[in-house]
Amino acid sequence: MLDSMLEELDESKLEYFVRWAEGRFFRGVPPVLGVSISPDLEGPACFLPSENRIVVHADAAQFPRWCGVLLLHELIHSKLYKENGDPDEAEGERFQAEVKRLLAEGAYDRKL
């Protein structure tokens, strides 16, 4: 979905993707409050449980396909946090099970 957008992404486009992904792959999980872009982030993206928000590094926003993967990654952390208060930052078994579920449901297919 995001890879069809050729220009750099802004927060509204990232939020649009997140809302679409929440409705398609994360039904029943309370939504994140929003998505923001920051040039000061240490990594490419993160889920902030205290704010219920996803932040994407400004440099990553130049790459729509990568942003889609990053946002799905952070939505997994959001889901796991909302299930039991642990976002599984070590990306262990619970996280890996979610990645496998998303793969099986086609979340990473280019045609979406």
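**Rings, charges and turns in a predicted model**

Biologist: What are the ground rules for the model and its numbering?

Modeller: This is a predicted model: local features need pLDDT of at least 70, side-chain atom pairs count only at pLDDT 80 or more, and totals for chains, interfaces and linings use all residues. Residues are numbered from 1 along each chain as its sequence is written, and side-chain values use heavy atoms, with hydrogens and water left out.

Biologist: How many aromatic pairs does the structure hold?

Modeller: Rings of Phe, Tyr and Trp (its six-membered ring) pair if their centres lie within 6.5 Å; planes under 30 degrees apart are stacked, over 60 edge-to-face, and the rest tilted. By that rule, the number of aromatic pairs in the structure is four.

Biologist: Why is the pair of Phe17 and Trp20 classed as it is?

Modeller: The ring centres of Phe17 and Trp20 are 5.5 Å apart. Their planes meet at 45°, so the pair is tilted.

Biologist: How far apart in helix α1 are Phe17 and Trp20?

Modeller: Helices (H or I, at least four residues) and strands (E, at least two) are DSSP runs, numbered from the N terminus. Helix α1 covers residues 11–25. Phe17 and Trp20 are three residues apart there, so their separation is about one helical turn.

Biologist: Which residues form one aromatic cluster with Trp20?

Modeller: Trp20 is partly exposed, with a relative accessible area of 21%. Its aromatic cluster also holds Phe17 and Phe25.

Biologist: Which residue forms a salt bridge with Arg19?

Modeller: A salt bridge is a side-chain nitrogen of Lys or Arg within 4 Å of a carboxyl oxygen of Asp or Glu. The closest N and O atoms are 2.7 Å apart, and the partner is Glu15.

Biologist: Which residues do salt bridges with shared partners join into one network?

Modeller: Glu98 and Arg101 meet in a salt bridge at 2.8 Å, N to O, and Glu98 is buried at 9% relative accessibility. Glu105 and Arg101 meet at 3.2 Å, N to O; Glu105 is partly exposed, with a relative accessible area of 37%. The joined residues are Lys79, Glu83, Glu98, Arg101 and Glu105.

Biologist: Arg101 lies over the face of which residue?

Modeller: A charge sits over a ring if NZ of Lys or CZ of Arg is within 6 Å of the ring centre and within 35 degrees of the ring normal. Arg101 lies at 5.3 Å from the ring centre, over the face of Phe26.

Biologist: Which strand do five bridges join to β1?

Modeller: Strand β1 spans residues 34–38, and four of its five residues are buried. Two strands pair if DSSP finds at least two bridges between them. Gly34 stands opposite Arg53. The two strands run parallel, and the partner of β1 is β3.

Biologist: What is the phi of Asn52?

Modeller: Asn52 is in the loop between β2 (45–48) and β3 (53–57). Asn52 is buried, at 15% relative accessible area. Asn52 is not a glycine, yet its phi is positive, at about 50°.

Definitions and conventions
Buried < 20%, exposed > 50% of the residue type's maximum accessible area, 1.4 Å probe, protein only.
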